[in-house]
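Try each task before reading its solution.

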Amino acid sequence: MIPQETVQKILDTARIDEVVGEFVHLKKRGANLLGHCPFHNEKTPSFTVSPAKGIYKCFGCGAAGSSVGFIMEHEQLSYPEALRYLAKKYNIEIEEEEQTPEQIAQKNERESMMQLSDFAAAYFQEQLHHSEEGKAIGLSYLTERGISPQMIKKFQLGYSPDEWTAFTDHALEHAYTLDVLEKTGLTIVKSADKHFDRFKGRIMFPIHSLTGHVIAFGGRTLSQDKKQAKYLNSPESALYHKSNVLYGIAFARHSMVKQDNCFLVEGYTDVISLFEAGIENVVASSGTSLTTEQIRLIKRFTPNITVLYDGDNAGIKAGLRSIDMILSEGMNVKVVRFPDNEDPDSFARQHSSDEVARFLEEQAQDFLHFKVSLLKTEEAHDPIQRAKMIKDVVESMAAIPDPIVRQVYVKEGAQWLDMPEQSLQNELNKQLRKKLQDRNRQPYITEPTTPLEPQRIPQSTFKKSRRHKQEENLCRLLLNFGADNFEHTNDNDIAEEYNVAAVIIDNLEYENLEFTNPLCQKIYSLYVNNITEDHFPDSHFFINHLDREVVNFAVEVFGQKHELSPNWFDKKQIYVKTETDLLRESVLRSLLDFKLSIVEEEINALMTALKAEEDEDKALQIQEQINKKKNNMRRMCDDLGRVILK
Ligand SMILES: [Zn+2]
């Protein structure tokens, strides 16, 4: 845990222009700095940095936030990781808060496992490059496979000698304990004096965490012995949770963001060979069939996946399930099928970089098209098989969470399958109902929030209601002026100091008024819940929040004053004299506007009811209610006018 004061110190010290400037070439433009957005491809710069406000904002893709937010998004780090990054940059020492003995023990265990993994990776590399056996067996094998020295180095490939205890003995000599050796899975312990190396006589592929630490190994045997598994992986450990890890992610993540796509392959060598061919946005789900966690990991960097399939049909059929899983996560899936008897590895080795890139681009087809064409060739004209195929395709469609996207597929699918759109739609509805029933039977599970999910949603194009606008306006006043005071003469003609936040909150709570815009409600609750005796949450609090939506709103309204438009105040010839007068008027008027917008909504609802009402008596009653509300509005305006004149 990083202590709160240190967090504050980091936030205060990290200058947005310096932090961003390390990654983006910025040019001065007035009070701001301008550059090319690192989060989307653009020709004319629309990425703005405001040193005064401590924020960045891209007018092209909507990315926005603080220094910490920038590092989180650009380096794909968690919040604490980003804070540590900035602390290091600014030489701010982090004194971790005291931990319980269990926490320390746990941390120490993880740390020694991590150290041992690094130590092992270095040992296996040393063996590959410098031992006779490693050079003769391991290195020559890799070279024959066409893996270049650069890739061997980058992926830290190594060799584990064909002896029972070579590595374990070496580690024990260097003071690592048998306990830690067993926990990492590098050593298999039978009894106190009987243990041996797990990866005896294998080419070693270190598996890295997202941040590039070695956390496990995959080992490939070179022996012809059929009884030995071709690939062997580290077992699950405190460091290594198979289902959460993708091979190559540490090297691929930047390219995944930049290319806005991720190629998904099966094996270690597929990743390495494609990397060698210049395709860097590639990962493998090796050691396990694709999991939801792995898909979500990819989604942190890009919503687009292209699955690469080997040429044989058996492999493809087995892989079809993962397409539905990817679709369920709301991601876009494309598929590339390699020629018969080829896999990404062999193909990349036999073709130039340009050819590989062109092949992937040209062959990538929509998952649905792919599925239809695959099933069509197989099941030709047998009606039973055809029904099965349609059901299969519809199952994939039903996995797509976005109804609009689903609709597009119904249209296209009907064409490809050569059937009426309506029949396909009926089939899909049936599937959706079934899914819903299944879900209702399952116990409710709360999903963890993933604040890092990239937000590339265009600004809402929906027309905002008047009420929502007023709600936003009140939030804007809270964020910018919540802690400020204004002078106001009360009913007994005594001038008193009023606090902006207190006035707004009191008014809302007193009249039991609620925000209907969920984002405004969220911001309002955050505000109320984070007020302390001597501190009001300000724009910076919200800009450094973990919720992207909140950050975007805060950036949007940062420093915006309430606009005083010429309306009835001016008609009454009120001249604003001081800042606090201005603030007073803004706050009171915003509250009034908000309340008016609520009454207006109520009147509109009554008007609609009035139009539909056929009973004359009832219609009269409604009309009366409307009149009452209109009078009410007038009185509210008058009241405010009087108050402001004081
Ligand atoms: Zn952008």
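**Exercise 1: a helix and its buried side**

Task: In this predicted model, find which residues of helix H12 are buried and where they lie around the helix axis.

Solution. Helix H12 covers residues 292-299, and its buried residues are Gln-294, Ile-295, Leu-297 and Ile-298. Next, look down the axis of H12: the buried residues fall within an arc of 155°, so they line one face of the helix.

**Exercise 2: pairing of strands**

Task: Determine in which sense strand S2 pairs with S1 and with S3.

Solution. Start with S1 (residues 27-29) and S2 (residues 32-35): 3 bridges join them in the antiparallel sense. In this pair, Arg-29 is opposite Asn-32 of S2. The hairpin has 2 residues between the strands, and Gly-30 has a positive phi near 65° there. Then take S2 with S3 (residues 47-50): this pairing is also antiparallel, over 3 bridges, and Gly-35 stands opposite Phe-47 in S3.

**Exercise 3: the zinc site**

Task: Identify the donors of the zinc ion, name the geometry of the site and explain what the pair His-40 and Cys-61 ties together.

Solution. The donors are Cys-37 (SG), His-40 (ND1), Cys-58 (SG) and Cys-61 (SG), at 2.1 to 2.3 Å. Angles among the 4 donor atoms run from 102 to 118°, and the site is tetrahedral. The donor spacing in sequence is C-x2-H-x17-C-x2-C. His-40 sits in the loop between S2 and S3, and Cys-61 in the loop between S4 (55-58) and S5 (64-65), so the pair ties together parts that are 21 residues apart in sequence. Lastly, compare accessibility: His-40 is partly exposed at 23%, while Cys-61, at 14%, counts as buried.

How values were computed:
Residues numbered from 1 in each chain as written. Predicted model: local features only at pLDDT ≥ 70, side-chain atom pairs only at ≥ 80, totals over all residues. Heavy atoms only, no water. Buried < 20%, exposed > 50% of the residue type's maximum accessible area, 1.4 Å probe, protein only. Helix = DSSP H or I, 4+ residues; strand = E, 2+ residues; numbered from the N terminus. Arc of directions from axis to C-beta. Pairing = 2+ DSSP bridges. Donors = N, O, S within 2.8 Å, 3.2 Å for Na, K, Ca; no water. Tetrahedral: all angles 85-135°; square planar, octahedral: opposite > 155°, others 65-115°.
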